[in-house]
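This is a walk through one structure for a reader who has not seen it before. Please look over the sequence and the coordinates, then read on.

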Amino acid sequence: MKRKIVLKLSVGLLILSILLTACGGGQSAPPPAATQPPAATEAPAATQPAATQASGATQQAPAATQASGATQAASPAAPFTPPAFTSQLSGKSTADGFNCPEPNPRVPVTSKELNLFVWTEYIPQDFYECFEKVYGISINYTEYSSNEEMDAKVVNGGTNYDLVQPTDYTVTLMIHQGLLQKLDHSKLPIFAELDPTYLNLPYDPGNQYTLPYENGTDAIVVNTAAVKDVPKSWADLWNPEYKGQMVFADDERTVIGLTLLTLGYDVNTTDKNQLAQAEQKLAQLTPGIKKYDSDSPHSDLISGDVNLGETWTGEAFMAQQAMSSIQFIYPKEGVILWQDNWAMLKTAPHADAAYAWLNYTMQPDMFWMMLTNFPYTNPDAGALAYAKGNSMPVTDVNGNSTTLGDVYNTYINSTITNPPLSVIQAGHRIDDVGDATPLYDQIWTEVKNGQ
Amino acid sequence: MNPYRRSPLIIASTLLVFFFLYAPIVVLILFSFNASRISPLFTGVITKFGSYQLVNGNVLQSPCGPFHWFCDLSKNTEVLSAARNTLFVAITSTIVSTIIGTMAALALQRYNFRLRTFSQVSLYIPIVIPEVVMGITILVMFSQLFSYLNTSLHLVGDAQLSLGLWTVILAHISFMIPFVTLVVQARLQGLDKSYEEAAMDLGANEWVTFQRVTFPMILPGVLAGALLAFTLSIDDFIITFFTNGPGSPTLPIYVFGLLRRVITPQLNALTTVWILIVLIVVFFTQRLESRQR
Amino acid sequence: MLKRLRESKSAQGTLLIVPTLIFMIGMLIVPLMLTLVVSFGQRSADGGVIYTFSLSNYIRLLGFTSDCPPGVQTCFTSLYLVILWRSLLLGLYTTILDILLAFPLAYFIARAHPKWRDTLMFLVLVPMWTNFVIRVYAWMMILRQQGVINSLLGWLAGLAHLPFKPLGMIYTPGAVLAGMVYEFLPFMILPIYTSLEKIDNSLFEAAADLGASPFRTFLRVTLPLSMPGMVAGTILVFVPVMGTFIVSDLLGGSQVILVGNLIENQFLAARDPAFGSAVSLVLMVLTIIVTYFYTRKFGFGEEIIA
């Protein structure tokens, strides 16, 4: 009888496969024609050396709309021109009909697999498909929703990931924990395409361990159609009127950090008294939080399950594209700045595949996909140059058909993905707090769980 | 009086509970035909066949028509690999745990040995403790063990010990053994010993008796235990969550991962297909069972 | 030696039990011991474990902490005890509701015509055969702001020209309760059905003959005989409810934190495996105590086997 059960199971699976293959595949967009990236470059990027917490200030200003900010000494005032990039097709395409470009340069690889540990909603599906097809390496990925979760899993051991995506302060922590290996820059020609504004930041001088991925801010997001009094500062979120309507990132440092800002303290304080006060203040806020969401907050906002709260650049942008009444407001106390990076674990079993992945996915004719999938502030000048004025038909974040050039214009003109210089300068960057980390962790446990 | 006549109260509450049981399933299946890509609203069924057209988040046209999300699902290689993993884990752990569990049941029921009480008690523990405790403790053990072995044996690269399908299988076997043992033990308890005694009187040694008499008699119990084990393994989430590694998700883990992203009706299509398969399999199994009777 | 094996019954028994012992010791006892050791440790700044012997994690669980407002040495916070209590209550409510829902259904099927019983039972099992996680997702779809219930109510209100404000059902404790009740209902139906089915019809006839009203029959005949099933069902429902974290994760938002969530949290975002281990062990001891006293009073209920 058991044999019969297995037989029937196989029959069931057979029926399933027939059913699925009968439907065949639908082509979503006609294959885009290969285009040469325009030789035009990005307008000047103003840089400021890290004098205070607000380090890594950037601006990508299109020549017409915003004037470039004044630069300070020790940084080149000249605009960054990415090297000319020739895009070639590989001849392979994804299930969606996207023609995968050829890796440029093609890196020698012997590994057959690659293990990635990445954020949810952060890597376009085509990255995986194209890489697998073009290099013949199969990708295994697991997702996480917070830096702490990622760090905990890696520290505990028993995992064999190659690449992870730590945010700035977590890079410092992981270097300190001895979890990361130094990157061999000779194997990463892709560095030439990146805007130097995002390189050489205080948490990883010389980019010994990391490669920038995406950049952004934490600020207030509001559905102005559902909320009467629009908040203007972090402190405004404590308004009892907002009770039960808010979404916050499930992120300990961000939430505790913004609370510290409302008290006038530093986001990286290690002072026990200040932290105790922050805990008390935060305890007044949490009953009003309906949901902690680091996975897909824009879905919550669009569906109306929440009406306002705190979130990241990309999520706010996607929400606004779907519902124009949703706005991203930079609070008076200052935003929290962050930058996500690729980093390689010391125990990475497939380092060569990892280098291939980094060079391939960040090359200009691939990385532009971040604009149409997960629009955060993009450090890849080459990709932006490729996207500008590009008439290739693409689908935007809402799934509507448009051109890549149009997507670029939306990106560059939006104050969400392209924040004003003043906002960046007034922003705060989170840093590793070393021995005070358990304090923050404990506050987070108590405040989050104390209902 | 008709012993099968029930009071209207019972009938009404039965219908209500059936409705409660099935309403979510019906909703799931219905929404697998939803035109809207992400909205939880049902905006209608896709009626037009043609090239893919998406306007304002609604699919207006699709090559597969109303079955658009099923076609979308068929392009999803990850689902099939997750399904493969799930089946592989379930089948392997079922076979191993059934054999070990049956042996344990025989030992506990028929023999007296020193570690008897200890075994009985330790077999009850996985049943009465929450899965999260078991998952956590196993994770703690594997993490410490792997860290220690990897550094002391200088294992690097792919040779490193790490969490993967095999750790999931080991964990599944561990929590399935008690259930199988329980089922087979119950069956053994109700067994009439006279058959075995007769066989032995007729000159059969113990091994032959077991093969020809005992085992066929407990077979229904063994199979019931195997089926229970299989069900537990396929549906397991918590223990798998703590013991699996990159790139080898089982279906429940994969579905949970999907839930954390933008949820499209592709997930509903997956549910519908799953239910269909289950219906077919169970239907055939029932037919076979009734035919055997 | 083989001859000795053949003759000694004790040796045979031991041999049969060896594989089981390997698994139980290796995958259950040893991990539990290890977790016990970790629970006495302290968390290192990096999120690892410093192996010492300290009861601080258990003291923290009981609510006494040294992390107090300035000037106070130790203070009491009922935070973790509240979480434990909340989980126990949820387990209790879920079990009671499941019994109430399962009993009429199980009774109906058990006393239905034999040729229908299998089909009806099969119908009960089909939802259970869908994926656990997917069943929770179904409830998300039903309870959301724009979900099924709100859409239906909105449409009805529209017909009656009444103003309608969508009900905020999801991310509430009620949503979590509904999800739990639904998830574990089949686990209650099965054992109750099994014990009800074993009741001989003649018992009911005898009771009727002796002049008992249906209600009296139920109280004196049906209920006591269905006890084993209810006990088994209770164990199958109560224990998982205490430990599940997905239902409260997906349906509770941030509002409902159960012990399962706390444990999962400590091993992931909060990076305090020592404290997480302590909580796990306390949870385990609690469930064993509750189960022990419960089965002591009502019997173990071997009807776990359908």
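This is a predicted model: local features need pLDDT of at least 70, side-chain atom pairs count only at pLDDT 80 or more; totals for chains, interfaces and linings use all residues.

The secondary structure of chain B consists of 11 helices and three strands. Along the sequence these elements come in the order α-β-β-β-α-α-α-α-α-α-α-α-α-α. Chain B has a radius of gyration of 25 Å, well over the 19 Å that the globule rule gives for 293 residues, so the chain is more spread out than a compact globule. Taken along the principal axes, the box filled by its C-alpha atoms is roughly 80 × 80 × 35 Å.

Among the contacts in chain B with a separation of 6 or more, 63% are between residues 24 or more positions apart.

Which residues have the most contacts inside the largest nonpolar core? They are Val132(B), Phe237(B) and Leu251(C), in a core of 172 residues. Helix H6 of chain B, residues 165-189, gives the most to this core, with 13 residues. Apart from this core lies another, of 77 residues, which includes Cys130(A), Leu163(A), Val164(A) and Tyr355(A).

Leaving aside neighbours within four places in sequence, Leu251(C) is in contact with residues including Val136(C), Trp139(C), Met140(C), Ile170(C) and Tyr171(C). Thr172(C), Ala175(C), Val176(C) and Gly179(C) are also among the contacts of Leu251(C).

Note on methods
Residues are numbered from 1 along each chain as its sequence is written. Chains are lettered from A and ligands numbered from 1 in the order in which they are written. Side-chain values use heavy atoms; hydrogens and water are left out. A nonpolar core is a set of buried Ala, Val, Leu, Ile, Met, Phe, Trp, Tyr and Cys residues joined through side-chain atoms within 4.5 Å. Buried means under 20% relative accessible area, exposed over 50%, partly exposed in between (1.4 Å probe, protein chains only). Helices (H or I, at least four residues) and strands (E, at least two) are DSSP runs, numbered from the N terminus. Contact means heavy atoms within 4.5 Å. The radius of gyration is taken over C-alpha atoms; the globule rule is 2.2 Å times the number of residues to the power 0.38.
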